[in-house]
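These are my notebook entries on a structure that is new to me. I record what I looked up, one topic at a time.

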Amino acid sequence: KKEIKEIFKILNEGQPSKQRNAMFVGGCVRNFLENEKIDDIDIATIFSPNELKKKFQDTDIKIVETGIEHGSVTLIKENYKVEITTLRRDIKTDGRHAEIDYTNSWQEDSDRRDFTINSIYLSEKGKVFDPQMGSQDLKNKIVKFIGDPNLRITEDYLRILRLIRFSIMYNSTPDNSTIQAIKTNINGIKKLSKERIFLELKKIIKLENLHIINDKNDLKEIFEVIFPEIKYLNRLN
């Protein structure tokens, strides 16, 4: 799209040609690699929010501080929106919030993400940067945490629900160590705000293949512990 080309042109202005200034990341990359429809566009960048403001201040692209505490801003041109986030590393986490610091290391940024399939980066020229080997997992429909599942979960307990969602989405069966880590840490869900839990629940309920949760006993058991109000899941069949 011309808007995307314009954004990358502005980001690359005055920078070394071989430097990775910005790349696509997250769902848009997964969908691109799977030849599926691309909706939301997420871009990761080496530039801080203040640097981004300077780069776009004299353009017709508006910057909105939608998640400035997380290093995220939204670029808007007419009705076209792109979320762009500065590369980050975690300093401290408490299971709900992360205290972050900016970095210019793509490896450090990938290390702090949740799943290998969410840490695939794609340049504007279509070159894949995949430090966690997530594209191979995506191809094989494997949803797994980066590194130690216990550590990833205790950094943010919402990742339990995200694991359920992505496992259903890609019809993936988590390995035993992941299931055990979830069961060990499941009470951490109580630390999350109801708003965050509900937003993730809505995404799960909207999945077209939600019914396959009935074929995954471990995931179904975890889901029913978290949401005892939701009964008769067998009716989905």
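Entry 1, aromatic pairs. I take rings of Phe, Tyr and Trp (its six-membered ring) as a pair if their centres lie within 6.5 Å; planes under 30 degrees apart are stacked, over 60 edge-to-face, and the rest tilted. The model is a predicted one. My search of the whole structure returned six aromatic pairs. For W106 and Y121 I noted ring centres 5.2 Å apart and planes at 85°, so this pair is edge-to-face. W106 belongs to helix α4 (residues 106–111) and Y121 to strand β8, so the pair ties together parts 15 residues apart in sequence. Both W106 and Y121 are buried. I then looked at F115 and F145, which form a tilted pair with 5.0 Å from centre to centre and 40° between the planes. F115 is in the loop between α4 and β8, and F145 in the loop between α5 (134–139) and α6 (149–155), so this pair ties together parts 30 residues apart in sequence. F115 counts as buried at 0% relative accessibility, and F145 counts as buried at 4%. I also recorded one aromatic cluster, formed by W106, Y121 and F129.

Entry 2, charges over rings. I found the charged end of K55 over the ring of F47, 4.8 Å from its centre. The charged end of R235 sits over the ring of Y232, at 4.3 Å from the centre of that ring.

In what order do the strands of the open sheet stand? I read the order as β3-β4-β5-β2-β1-β8-β9, seven strands with mixed pairing. β3 (62–67) and β9 (128–129) are at the edges with a single partner strand each, so one side of each has no neighbour in the sheet. Strand β1 (residues 22–25) is antiparallel to strand β2 (residues 42–45), with three bridges joining them. I noted that F24 has I43 in β2 as its bridge partner and stands opposite L122 in β8. β2 and strand β5 (residues 80–86) are parallel, with four bridges. Helix α3 (residues 49–56) lies across β2, β3, β4 (72–77) and β5, and runs at about 160° to β3.

The largest core has 34 residues, of which L161, I164, I168, I222, F223 and I226 touch the most other members. Helices α7 (158–169), α8 (176–185), α9 (194–205) and α10 (217–226) are the elements that give two or more residues to this core. α7 gives the most, with seven residues. Apart from this core I found another, of 30 residues, including F8, F24, V29 and L52.

Definitions and conventions
Residues are numbered from 1 along each chain as its sequence is written. This is a predicted model: local features need pLDDT of at least 70, side-chain atom pairs count only at pLDDT 80 or more; totals for chains, interfaces and linings use all residues. Side-chain values use heavy atoms; hydrogens and water are left out. Two strands pair if DSSP finds at least two bridges between them. Contact means heavy atoms within 4.5 Å. Axes are lines fitted to C-alpha atoms, for helices over the stretch in contact, and angles run from 0 to 180 degrees between N-to-C directions. A nonpolar core is a set of buried Ala, Val, Leu, Ile, Met, Phe, Trp, Tyr and Cys residues joined through side-chain atoms within 4.5 Å. Buried means under 20% relative accessible area, exposed over 50%, partly exposed in between (1.4 Å probe, protein chains only). A charge sits over a ring if NZ of Lys or CZ of Arg is within 6 Å of the ring centre and within 35 degrees of the ring normal.
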